[in-house]
Amino acid sequence: MDANTENVQPLPPFNETNEATPNMGGGLSVIEYWAEHTLSPEGPKLWKSLLHKSACLSCSWGAGGQKGGFSNETGEPLQRCMKSVEAIASEIQPPVSQQFFEKYSIAELQQLNSMECDRLGRLSFPMILRAGNTHYEPISWEEIYQIAETAFRKTPDRVASYSSGRSSNEAAFLLQLMMRAIDSNNLADCSDLCHAPSTVGLSKMFGTRTSLVSLDNLKQADCVVLAGSNCSYNHPRLMNELIKIRDNGGKIIVINPVMEIGLVKFGSPAFPVKSLFTGSDIASLYLQPIPGSDTALFVGIQKSLIEQELTDTNYLQAYTENWEAVLQQARETDWQTITETCGVSEREIHAAAKIIGNSQRVVFAWAMGITQQKNGVDNIFSIANTALMTGNAGKEGAGLMPVRGHSNVQGFGSMGVTVNLKKEVQQALEKLLGRSLSRVQGYDTRSLIAAADAGKVDTLICVGGNLYAANPDATEAKRALGNIETIIYLATKPNLGHFHGLAKHNTIVIPVLNRLENPHKTTVESGNNFVRLNDEGETHLKNCDLISEVEFLTELAARIHGTYPVDWRQMQDTKYVRQLIAQTIPGYAKIGTIDETKEEFTIANRIFTEPKFPTESGKAQMFVTPLPALKLPEITEFGLPESVRGTVVALMTGRSYSQHNTVVYKANDKYRGMPHRNCILMNRADAESAGLQEHQRVKVRGNAGEMENVEVIFGAVRAGAALMFYPEVNVIFNPGIEVRSGTPAYKRVPAVVYAVDS
Ligand SMILES: Nc1nc2c(c(=O)[nH]1)N[C@H]1C(S)=C(S)[C@@H](COP(=O)(O)OP(=O)(O)OC[C@H]3O[C@@H](n4cnc5c(=O)[nH]c(N)nc54)[C@H](O)[C@@H]3O)O[C@H]1N2
Ligand SMILES: Nc1nc2c(c(=O)[nH]1)N[C@H]1C(S)=C(S)[C@@H](COP(=O)(O)OP(=O)(O)OC[C@H]3O[C@@H](n4cnc5c(=O)[nH]c(N)nc54)[C@H](O)[C@@H]3O)O[C@H]1N2
Ligand SMILES: [Mo]
């Protein structure tokens, strides 16, 4: 109970690293990577893109915008990370030629892995794969529009879209307006696979769907709880804030089954001298729960807060509802159940509660380790319950902060690309359309795959992304997409989906300009609810035949809808789209004049510094969170004999250091000591007690398939858990689904790791 709160446990219990792994995240190699790329023959092109006034392509915490390519929302300089270099380096590649696609058949292209697909270069001309043909061939724009128009005239329920958060707010708004104008609500989006549980959880509790915290607010925090996020890989700019909070005497509690070295110590290029030589301490306390058990851990923290008398009853009484039931649950759940479920000791839980309860302003941040769980929404509830118990929501410097994914994924949701449309947006759209929107429940990403698998989808447009490889159970995804008559992919670069996610009749791939190349201005929304303006640009792809997303969507919509409900072709000047957005989307009024003012802005009514919330009562609604039952199956349940030399693990599937989602940039992950993609990171004791050696080649089997020749790597992962990389691992499992949000449990995949000769 009297755990020392000073750096109780900056290194977690399961911290094995090998000689090859660096002793901090980031560090000198980041600078080396920068130098290598910015001084290379591609350097001038890269610098031009880096300095372009637009938001970074990579994550929702990117730098850029009108204050210059290296500034964050508050104008602080030097905030670019090497992830933007990685993303840009891949966008400034030369074009893939027509001859390439004439030469190689689909069967041959299907042999390429993710990295090889991306390395082909930029898509540079529109192409089609017709049923029965073996090769993609060029297609004219006129024929594309004819095929697309016919395809979009199918029964609305049989027409769907999928999108990924790299495109602009303007493209997103047009996409959903076009879809809703044909009466289809089938607006699947990558956020269904990502932060949908955060959206559901936050809206039930607070009546808002996004972070309650601004960047300015975060800077005032004296404690950050970071659960299920590896921001040292995926949101490096957030690391700068964590470093500053630690430097100011604040505390960081990391909750992650893996010891991510960058969350222990990180060398950031924003603090060159320090970062290059010593790195900065990140975690004050590092907890390693069993994958999928965070709700139990947070209930434990709540119990400890009660026991240590660190709850804020006045706050609970004044600003929350149902708090008694939540406190009662924490009181009545016994310690043994809590610690057995989450695998974290009572001592560690008390230490976490003590830090949280004694801090003045706590921000609770989380990412995929929390959301991609069967009980993802409960995870959000339990985190927010903990925040509310300590009065840490609706206050300067405190609150709930989902660490969002793609650089504009949040903008897509705001623009109405969602199957759970906000009432205000629905009403505004109905006014615009002059009629009611269809009330048919649209398909989210997983239900889109299920519907396609059942032959219920004829037409699909994919605005970016990689629907095939992002989904679990690749066999199912391929089969499902194969039932769709027409698939239209808008993309910047070839990916696995273009070669495996093939339609029944016509698969069309349309090369689009990226954010830095559009002939018009666009906007995006960051994870901190800040709207950024991207300037016009130009592409290095000369004598090619690319199109902007906005131009394609408006032309298609004009052919389908004429001038209903807007003059679509006029919208090719994106200023008019922004005016529509200003009228339709709550909090976005300022976008209507951004062309004149150039003023980037925080969306109105999103940041909460007072404990008054847009719920019916104005209070935060608390929910009791049942503890998850986390039993792993027996080996025999995978169809293997009991005698097999192996062990069943809770497999976490996620990102390596050098990849952006389904796109792999580099094969190895040096910070985790994984030399290539076909590795499994395991706990040494688990492996050895099952008779498996380090570097041994094993098979890994899930409920939908098996991977062979997987190399066992011993690493800093807790007992009972293991880690592998997506998209490759997606062939082996069909996961449980969080039913309230449709999100797959990618972070707790039951799998058996076993010796080939057993
Ligand atoms: N460079 C780069 N940046 C990116 C991306 C990228 O691929 N590359 N992707 C973007 C997107 S779309 C997203 S959604 C984000 C993803 O960003 P993250 O969510 O940080 O990425 P992941 O690798 O999916 O997993 C995050 C962490 O969850 C931990 N984890 C797994 N299971 C559990 C659990 O049960 N409990 C807890 N507490 N932790 C767990 C894993 O060990 C891992 O460290 O990044 C965005 N930014
Ligand atoms: N096992 C497992 N599976 C997962 C996850 C996991 O953690 N584990 N994470 C899930 C998550 S969080 C997400 S968000 C999804 C990601 O799913 P998606 O968003 O569907 O996939 P990405 O790999 O980000 O898409 C990459 C492609 O987008 C295209 N692209 C890039 N920029 C642009 C642009 O400006 N415009 C257009 N039109 N196209 C562009 C390029 O062609 C590129 O090949 O994957 C999910 N799948
Ligand atoms: Mo994501």
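The model is predicted. In it, 30 residues surround ligand 1. The protein buries 98% of the 910 Å² that ligand 1 exposes when taken alone. Helix H28 spans residues 549-561 and is largely enclosed by the rest of the structure, because eleven of its 13 residues are buried.

**Shell around ligand 1**
- The closest residues are Glu260, Asp294, Arg655, Gln659 and Asn661.
- By class, the shell holds ten nonpolar, 15 polar and five charged residues.
- Domain 2 (196-403) and domain 3 (635-755) each supply at least three residues to the shell.

**Polar backbone contacts of ligand 1**
- A polar backbone atom of Asn661 lies 2.6 Å from an oxygen atom of ligand 1.
- For Gly292, a polar backbone atom is 2.7 Å from a ligand 1 oxygen.
- For Met368, the distance from a polar backbone atom to an oxygen atom of ligand 1 is 2.9 Å.
- Two helices, H11 (231-234) and H20 (368-371), each give two or more residues to the shell.
- Strands E21 (646-654) and E22 (659-660) also give two or more residues each.

**Helix H28**
- H28 has 13 residues and reaches 18 Å from its first C-alpha to its last.
- That reach is close to the 18 Å expected at 1.5 Å a residue.
- Buried residues of H28 include Val550, Phe552, Leu553, Leu556 and Ile560.
- Glu549, Thr554, Glu555 and His561 are also among the buried residues of H28.
- Ala557 and Ala558 are buried too.

Conventions:
Residues are numbered from 1 along each chain as its sequence is written. Chains are lettered from A and ligands numbered from 1 in the order in which they are written. This is a predicted model: local features need pLDDT of at least 70, side-chain atom pairs count only at pLDDT 80 or more; totals for chains, interfaces and linings use all residues. Side-chain values use heavy atoms; hydrogens and water are left out. A residue is near a molecule or strand if one of its heavy atoms lies within 4 Å of it. A polar contact is a pair of N or O atoms within 3.5 Å; within protein, one must be able to donate a hydrogen and the other to accept it, and residues adjacent in sequence count only if both atoms are side-chain atoms. Accessible areas come from the Shrake-Rupley method with a 1.4 Å probe; for residues, only the protein chains shown count as cover. Helices (H or I, at least four residues) and strands (E, at least two) are DSSP runs, numbered from the N terminus. Ala, Val, Leu, Ile, Met, Phe, Trp, Tyr, Cys and Pro count as nonpolar, Asp, Glu, Lys and Arg as charged, and the others, Gly among them, as polar. Domain bounds come from an automatic or database domain assignment. The expected span of a helix is 1.5 Å times one less than its number of residues. Buried means under 20% relative accessible area, exposed over 50%, partly exposed in between (1.4 Å probe, protein chains only).
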